[in-house]
Amino acid sequence: MEDEWRPKQCSVLLPTESMKTMAESVGVGQLQEESCVALTEEVSYRIKEIIQDALKFMHHGKRRKLTSNDIDHALKMKNVEPLYGFQSQEFIPFRFASGGGRELHFYEEKEVDLSDIINTPLPRVPLEVSLKASKEQQKTESTEPLKAVKPGQEEEGAIQGKGQGAAATEGKGKEKNVARLKARSTHELSVEQQLYYKEITEACVGSCEAKRAEALQSIATDPGLYQMLPRFSTFISEGVRVNVVQNNLALLIYLMRMVKALMDNPTLYLEKYLHELIPAVVTCIVSKQLCLRPDVDNHWALRDFAARLMAQSCKTFSTTTNNIQSRITKTFTKSLLDDRTQWTTRYGCIAGLSELGPDVIKTLILPRLPVEGARIKAVLEGPVISNIDKIGAEHVQSLLLKHCAGVIAKTRPLPDNLEQYRADYSYLGPLLHSHVVKARAQATLQAQQVNRTTVTITQSRPTLPASQSSLGGTGGSRAPSIIKVPSSLTLMSTRPGTPTQPSPSATKYIVMATSAGAASTQQVITLGASQSSSPVTSTVPSSASAQQPLVKVETAGGGASSVGGSRTLQKYIVVSLPTSSSSSSSSETKSSTTVPSSSASPISAEPTVKTERSESPGASFHGSH
Amino acid sequence: MPTVCDTRSEMAAVQDAPVEADNEKEIKTETLNDAAGNHASAAGGVIPSPPVASTSSSGPAKAGGPGSEEQQTLMAVLQFLKKNNFVGAVDVLRREAGILEDSDESQGQELAASALGGAEAGDATCTLSRASSCTTSTPAVAAAPAKGGEDQPDVNVVLSAYSQQGDPALYQGYYSGLKKFVESVLDCHRAELSQLFYPLFVHMYLELVYNNHETEAKAFFEKFSGDQECYYQDDLRVLSGLTKKEHMKGNETLLDFRTSKFVLRISRDSYQLLKRHLQERQNNQIWNIIQEHLYIDIFDGMPRSKSQIDSMSGSLAGEAKREANKAKVFYGLLKEPEIDVPLDDEDEEGENEEGKPKKKKPKKDSMGSKSKKQDPNAPQQNRIPLPELKDSDKLDKIMYMKEATKRIRLGPESLPSICFYTFLNAYQGLTAVDFTDDSSLIAGGFADSTVRVWSVTPKKLRSVKSAADLNLIDKESDDVLERIMDEKSASESKILYGHSGPVYGVSFSPDRNYLLSCSEDGTVRLWSLQTFTCLVGYKGHNYPVWDTQFSPYGYYFISGGHDRVARLWATDHYQPLRMFAGHLADITCTQFHPNSNYVATGSADRTVRLWDILNGNCVRIFTGHKGPIHSLAFSPNGKYLASGATDGRVLLWDIGHGLMIGELKGHTDTVYSLKFSRDGEILASGSMDNTVRLWDSIKAFDDIETDDFTAATGHIHLPENSQELLLGTYMTKSTPVIHLHFTRRNLLLAAGAYNP
């Protein structure tokens, strides 16, 4: 190898043409050939000499790259004026041109307009030099082997000037502060994880319901999603941002279901990503418009659903430091108090607040009832302004009735005097009165059933399927229209392994009752499952301490209103949850006994016929609601 | 100027030389260097024994050679001085050399005449130049023509070599004839005689160039350059560019070659063989070169092996002469005044009353004398006057002792932990780093001419209040030292502006009050760490100063740079106290011996030299590196020296015997930092290859000492495998290791700039 370059280095000279060109550039026209040769040798030698000196500066500058500054210093050392203007840090881009029988390499210097320089904004000030200590702790027993840092583990952007802080991480092969390293690492996903992420997100927002169910199921149960969590949360928050603008209700619902699934995953801890998730959820609760046709589409269900998500996350993550619950409450209250708030937003606020619990209802909503009542009255009984407003007012009314009745029933002393109600709650008084009475009746009914830990579905309650009680309270009824979900939208579904429904257009009701200590909870959710897989939907009371039987009523055919019809058959599915709600070994039993809809039978007494599945997603799925 | 010269020569002899330089300012800087350089080395009788120097100094004229030749050289110098109107210097020189005015006059004229006709190379000049090339000259003078060649034709002529005219066509024949001969001799002699190739090759090539046989020179180079040892590559590259006589004028490397003798060590048997061969073949050309440009150091005994030769060769001027390393070096440590005080006693003192140490001092000394075990190798305590210890220094010593008791005992089984200080966003601009001894401050020198100081403890850097504010302070209060500090100025780092070129070296004073920095602008600056301002700019180098270093006792410092002269300064003198001339290329690194009586300098001529501060002598020359030396470290006991070079190797030297005792191979790039642990068990090396390596220095030293090497000849067998000594290699990601430092408790600190 040495032999290769040695002879070469001896003979490397600048071409004489260069001499001529350079001579011309300084105004010497006809240069003799001999002078050219002489000059060439001299110039080549001097250049080599200067480069050799410049190398010294490179070595002392502790660098591997020779810079133009080194050459300047070498020139200075020889008492030669340095060449100014070659301050380029990088390779100097020489351009090639040929013409007139000459080949030229030149450094392109563009004319610079001074005003351009003045007008361009100043470049960012380079980051200040800073010190960082990283330590290699020597273990006493052995010598440490070389430690290699995985490539790509850390970003060095900051040091290259595009980063943000001077405290940017810096790669060291040494063992370094682990916490620090983690905070800055980017968590590269493996190829498999990337594929998985792609599939899941596509399925979640895609058109195939079966796939979606599967994907959500996977999100809710997979224990290894931690690495993808930041991506999921960004996906959701970005998705909501975009789809709210486009009023794409379906996608918003899908995204909320993803949030739900993430929350349900016991291996994920979302706290670090709440800053992305909460705004998305709140948007779905209070946004002025969530769908293209507010008069037809049922965006109310989304608001309800998101409100429940919100309440759940408040319960799980609110701490004294982040104060999520109080901040959320404040936000809701503020817009509730605003006169100009739209009905849709008003609905969202009330729903959001109501889900936070009876105490919140009592302190924040009950005092507002007269005002809200007056507002509703103005819309419902006043001159018809717009259909949308009317629908909104109706929804707000029923929402208020639903939530407040339970609370009033618990807090207000008997007797329920209609006149008194009217006095207290003005317009909503009579309606509230009837609801409270109903709620009280249900409470008594449930109190009787507590010991049996079953739910009896009685014919006497025509609105049974739609009834949903707030936590710890007696069930209050709710207008069927509120809770009925268009068959195309499924709020929750499990994997397709669930037996499909015989009737494609069936609306299913899942009634769930539980007894937790003294309080009994009953929740009914109505779901429409149309095409393929049957969604099994259930709600589980928050308290998981006591034995929690789950009753699922499946109605074949007919809408919610026709439940009571004698021609329909109802399936009762009894799902018994073990004491630990999150245990995966809970069994669900399905009683396929067909009973007349009118019969009110203690279902738990039925012999179990078929074990639906051994591993219950519902158990972990609905940890708390 | 004359006074300056005067001072130089006196200073070598007398210790606290009076420094007076009234008219220094008017003097041209280059000439100052030259003259000063000559005289400093002259007074010291430095190794290459420059003729100018040895004649001018009335001391033992070491340089051999006929008196007439010496006289002529002297005349040339006188002529030069006269020409530059250094009347005083001429007088002094004349007085010292005992030359009469008129003889000088006449001879001078003669000289001038010959100088004028020098271009035609008349007979007179021939003899002159031949004569001068026999004796060698100082590189300082040699370097001078590069700058002021036109000003001093007379000197140039005197020093020029290669006047002989051989038939250029025969050169190749001569060389290959010798080659054939060496290949034919017995194996045991071949390695030794092969040493001749390189110097002969270079000199023959230069002769050809000098005599304007360009094409023959090129052909010669191409034919034989491949035969040379690979570690001469760098020099060959320089050589290859040189094809014209005019080029030789300014080329320092070649001037060195021409003016200094290449030293070879050859056993008597081999030498006889060579001599006989050359005489038989009547090969006068080669014989002349050997006579004139080579110094063959003949020894009796076994011829050396190839590996032995290779380990010692590689320097620009061959190996060191044996007598160069014969001088006695007092490598022992000085006695620490406080070191005799029992530790627990000191602990109490430190905690109870700060004023007490002073009171107890006499007691200490008396106790000290009792346990005094004078190191026979230590220099006299007052051999070099050292600054008095201040109270604060004593407190610091006490702190040091306390820390030392908590020190971790290192060894192959317990390696030090390493803390790496990474300079972020330095954009490749970090050029030098230093830590204070107590590891509380870090200084960084940068290519943008700034020096930055960081505090790495929670204690922030504060400067002293302004003079007006200081007046308001109650001087009697106990916390006056605290009160003088300006709280508003507290910050974690300070930037010191003042240099006008990249800062290549920084060094803290031991008491942490001062910081030294040296720069491309040719100055060394002293900064106060109380006010964070520049106190003094030491001018004298005129060319980039590559390194500077405070003495371990403060007050003195050494600097070395491109002008090949290392200067010893005292902080309160704006002119150097000593100038150490002798290196043939840039001085790249400097280091004080722990006892402050010696300094080591590493150079681009691939040698390490040890200088005696007392008299300015060069007492050791270590050859063996194959690239410019960039780092030096003394072992804490003062016995050993480690040096690291661009070739990535670390060499260990025994100072007392003047021997190489170890070679640590492992680094793949320049070793920029070396440091022994506080007790000397571990040697840490940091390199451009982004690694810190730890070596078992105890083992390295012990292995050698058990070997039965002959100290007399200095021919050592190095252990083949240095990997056994390597205790650990620690990679950084992309950070060259520029500096290493062991804290007082033996934690290893490393520093470098992240280099994306």
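How many salt bridges does the count come to over all chains? The count is 43, where a salt bridge is a side-chain nitrogen of Lys or Arg within 4 Å of a carboxyl oxygen of Asp or Glu. I will come back to some of them.

Some ground rules before that. This is a predicted model, in which local features need pLDDT of at least 70 and side-chain atom pairs count only at pLDDT 80 or more, while totals for chains, interfaces and linings use all residues. Residues are numbered from 1 along each chain as its sequence is written, chains are lettered from A and ligands numbered from 1 in the order in which they are written, and side-chain values use heavy atoms, with hydrogens and water left out.

Let me begin with the salt bridges in chain A. R46(A) and E49(A) are joined by their side chains, 3.0 Å from N to O. Both sit in helix α3 (residues 33-60) of chain A, and because they are three residues apart there, about one helical turn separates them. Helices here are DSSP runs of H or I with at least four residues, strands are runs of E with at least two, and both are numbered from the N terminus. R46(A) is partly exposed at a relative accessible area of 28%, whereas E49(A) is buried at 8%. For these words, buried means under 20% relative accessible area, exposed means over 50%, and partly exposed is in between, with a 1.4 Å probe and protein chains only.

Now chain B. D396(B) and R512(B) form a salt bridge whose closest N and O atoms are 3.2 Å apart. This pair links distant parts of the chain, 116 residues apart: D396(B) is in helix α22 (residues 391-405), and R512(B) is in the loop between β10 (503-508) and β11 (514-519). D396(B) counts as buried, with 15% relative accessibility, and R512(B) as partly exposed, with 23%.

A further pair in chain B is R649(B) with E663(B), at 1.9 Å from N to O.

Next, the strands of chain B. Strands of a sheet pair through backbone hydrogen bonds, either parallel or antiparallel. In this analysis, two strands pair if DSSP finds at least two bridges between them. An open sheet is formed by four strands of chain B in the order β14-β15-β16-β17, with antiparallel pairing. β14 (545-550) and β17 (578-581) stand at the edges with a single partner strand each, so one side of each has no neighbour in the sheet. β14(B) pairs with β15 (residues 556-561) over five bridges, in the antiparallel sense, and V545(B) has G561(B) in β15(B) as its bridge partner.

Is strand β22 (residues 629-634) of chain B enclosed or open? Six of its six residues are buried, so β22(B) is largely enclosed by the rest of the structure. β22(B) is paired with β23 (residues 640-645) of chain B, antiparallel, over five bridges. One bridge partner is G644(B) in β23(B), which faces S631(B) in that pairing. The hairpin of the two strands has five residues between them, and G638(B) takes a positive phi near 80° there.

Residues 622-655 are 0% helix and 56% strand, with end C-alpha atoms 9 Å apart. For residues 664-696, the figures are 0% helix, 58% strand and 10 Å.

Q312(A) lies in helix α12 (residues 299-317) of chain A and is buried, at 8% relative accessible area. Q312(A) and M263(A), 49 residues apart in sequence, are 8.7 Å apart from C-alpha to C-alpha. In chain B, K335(B) is in the loop between α19 (306-312) and α20 (343-352), and at 19% relative accessibility K335(B) counts as buried.
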